[in-house]
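Work through the exercises below with the structure in view. Each task is followed by its solution in steps.

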Amino acid sequence: MVQKIASLIDETLMAMNAHLHVQMTNEEKAYLDAHFELIHIKKGEHLMNRGDEVCYLYYLEAGTIRLSFPNKEKREISARFIEPKEFVNFSLSHEEQLSHYNVKALEHCKVWRLPKQDLQQLYDLSINFNKLARLHLEKSINHKIKREEDFHKLDAEERYKKLMANERWLFRSIPLKDIASYIGITPQALSNIRKRI
């Protein structure tokens, strides 16, 4: 049986431990199920390229997605990895918005998408979806702040150890070269760290 997006979002709320604060009404769930569309992205395909207009809110049901951007030498730097049961971009605004990232499937992905105009209508109609968006954005901002602190306070080996302790799921499906760029080192430096510990 194919799961509907509303039940998947309920699972996300449980995983975020937010189900006590956000409980979608039957009307809100019906709106979600009616307006989200399921698409499939093959391994290696891009959901968005840097500079593309962002037209959808995405929710990842299955697979792994990498957000990256090119550095001045045109090498792709890993900014974030999205695991199943997470939203990809909650920061859509009314104005035209261009993607800051290349958004690529690292394996076959099942992705739900909601057009920007439907998202804006949902914000107008649903207090619960507004709460969910706020919680998700807070989680994303906190993650970004902690990563920024780590880059300034920890050396490469400490960043690797912290990643192993807190985001071990990355090592199941993410290529080591992408993990290396995520913690700000070369693949060779990562290999040396892995040999030492």
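A residue counts as buried when its relative accessible area is under 20%, and as exposed when that area is over 50%. The model used here is predicted.

**Exercise 1.** Decide whether Tyr-123 is buried or exposed.

Solution. The relative accessible area of Tyr-123 is 17%. The cut-off for buried is under 20%. Tyr-123 is therefore buried.

**Exercise 2.** State how many aromatic pairs the whole structure holds, then classify the pair of Phe-87 and Phe-129.

Solution. A search of the whole structure gives 7 aromatic pairs. For Phe-87 and Phe-129, the ring centres are 6.4 Å apart and the planes stand at 85 degrees. Planes over 60 degrees apart count as edge-to-face, so this pair of Phe-87 and Phe-129 is edge-to-face.

Phe-87 belongs to strand β6 (residues 86-87), and Phe-129 to helix α4 (residues 127-153). The pair therefore ties together parts that are 42 residues apart in sequence. Phe-87 has 0% relative accessibility and counts as buried; Phe-129, at 0% as well, is also buried.

**Exercise 3.** Classify the pair of Tyr-123 and Phe-129, and name the aromatic cluster that includes these residues.

Solution. The ring centres of Tyr-123 and Phe-129 lie 6.1 Å apart, with planes at 45 degrees, so the pair is tilted. Tyr-123 and Phe-129 form one aromatic cluster with Tyr-59 and Phe-87.

**Exercise 4.** Find which ring Arg-113 lies over, and which ring Arg-147 lies over.

Solution. Arg-113 is over the face of Tyr-56, 4.4 Å from the ring centre. Arg-147 is over the face of Tyr-182, 3.9 Å from the ring centre.

How values were computed. Residues are numbered from 1 along each chain as its sequence is written. This is a predicted model: local features need pLDDT of at least 70, side-chain atom pairs count only at pLDDT 80 or more; totals for chains, interfaces and linings use all residues. Side-chain values use heavy atoms; hydrogens and water are left out. Rings of Phe, Tyr and Trp (its six-membered ring) pair if their centres lie within 6.5 Å; planes under 30 degrees apart count as stacked, over 60 as edge-to-face and the rest as tilted. Helices (H or I, at least four residues) and strands (E, at least two) are DSSP runs, numbered from the N terminus. Buried means under 20% relative accessible area, exposed over 50%, partly exposed in between (1.4 Å probe, protein chains only). A charge sits over a ring if NZ of Lys or CZ of Arg is within 6 Å of the ring centre and within 35 degrees of the ring normal.
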